[in-house]
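The paragraphs below lead through this structure, beginning with a pocket and going on to domains, helix packing and backbone geometry. Please keep the sequence and the model in view while reading.

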Amino acid sequence: MKLYTYWRSTSSYRVRIALALKNIEAEQAFIHLVRNGGEQNAPAYRAINPQGRVPALALDAQNVVTQSPAILEYLEEAYPDPALLPSDLVHRAKVRAVAAIIGCDIHPLHNVGPLNHLRQKFERSEQDVTGWIATWVGQGFAAVEALIGDDGFCFGPEPGMADVYLVPQLYAARRFNVPLESYPRILRVEKLAAEHEAFRKAHPSAQPDAE
């Protein structure tokens with residue numbers, strides 16, 4: 001198993017957390033998203049992932065899974081212990097809802113492509129771009145704050161799929177200086193994750209390609 005990753009990629013960070021929580025060892029291949037115009041654009045990587053994004057998880061020489069939600073669902077089904085989703089169907093749906101707020105509504109709007117489009121196509125200033133990021137992260141986090149529990153990780157004493165999505169999004173929020181003091185539940189989860197070995201192992205600063 002080989003994970004194509006970039007240290008600061010939020011979606012790659014999600015997959016690294018899941019692998020660590022499930023004690024799965026995967027070889028890492030580093031795709032620098034900036035160097036030489038972006039190594040994700042090179043023909044060699046496009047042959048692996050036609051979309052030219054990270055992460056991608058090569059299961060073997062023939063099978064590559066792309067898009068972090070699909071990778072995470074594969075890992076949960078192929079390696080069910082420890083489980084990242086609860087057994088109860090309603091609880092599973094609630095966890096997936098929080099994951100979707102982050103993965104579908106927050107993260108895509110601060111990804112490098114849309115931000116560069118704002119800068120180049122619409123000639124927006126860095127102040128405008130920063131305001132854009134803060135708006136969508138803030139709206140999404142307000143919803144997440146209302147949906148997660150008052151103790152432990154997002155939905156209980158052990159980390160699960162919602163935490164796999166939330167912690168990388170917190171890293172991105174801090175990178176973009178988004179105010180977080182209005183989200184005490186979210187900050188509680190961040191503190192717990194900082195003390196958890198799997199989250200520390202997956203953190204961008206702990207990656208061999210970190211700059």
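Helix α5 gives five residues to the lining of the largest pocket, the most of any element; helices (H or I, at least four residues) and strands (E, at least two) are DSSP runs, numbered from the N terminus. The model is a predicted one, in which local features need pLDDT of at least 70 and side-chain atom pairs count only at pLDDT 80 or more, whereas totals for chains, interfaces and linings use all residues. Residues are numbered from 1 along each chain as its sequence is written, and side-chain values use heavy atoms, with hydrogens and water left out.

The largest pocket holds about 850 Å³ of space. On a 1 Å grid over the protein atoms alone, a pocket is an open set of points where a 1.4 Å probe fits, with protein on both sides within 12 Å along at least five of seven lines, and lining residues have an atom within 4 Å of a point; grid points are joined across faces, edges and corners, and the volume is the space filled by probe spheres set on them. Of the 36 lining residues, L33, H107, N111, V112 and G113 are the closest to the centre of the pocket. Two or more lining residues come from each of α1 (10-21), α3 (68-78), α5 (112-120) and α7 (161-175). By class, the lining has twelve nonpolar, 18 polar and six charged residues, where Ala, Val, Leu, Ile, Met, Phe, Trp, Tyr, Cys and Pro count as nonpolar, Asp, Glu, Lys and Arg as charged, and the others, Gly among them, as polar.

The C-alpha centres of the two domains are 20 Å apart, and 14 residues of domain 1 are in contact with 19 residues of domain 2, contact meaning heavy atoms within 4.5 Å.

Two packed helices are described by the angle between their axes and the distance between the axes. The axes of α1 and α3 come within 9 Å and cross at roughly 5°, the axes being lines fitted to C-alpha atoms, for helices over the stretch in contact, with angles running from 0 to 180 degrees between N-to-C directions. Helices α1 and α3 are therefore roughly parallel, a term for angles under 35 degrees. Their contact joins S11, R14, V15, A18 and L19 of α1 with S68, I71, L72 and L75 of α3.

Helices α6 (residues 126-147) and α8 (residues 184-194) pack at about 80°, with axes 8 Å apart, and are therefore roughly perpendicular, the term for 65 to 115 degrees. Here F141, V144, E145 and A146 of α6 meet P184, R185 and I186 of α8.

Most residues other than glycine have a negative phi, and most peptide bonds are trans. The bond from V54 to P55 is cis, with omega near 5°, and P55 lies in the loop between α2 (43-46) and β3 (56-58). Another cis peptide bond joins D81 and P82, with omega about 0°, P82 being placed in the loop between α3 and α4 (89-106). In the loop between α1 and β2 (27-30), N23 has a positive phi, near 55°.

Technical notes
Parallel < 35°, antiparallel > 145°, perpendicular 65-115°, else oblique. Domains from an automatic or database assignment.
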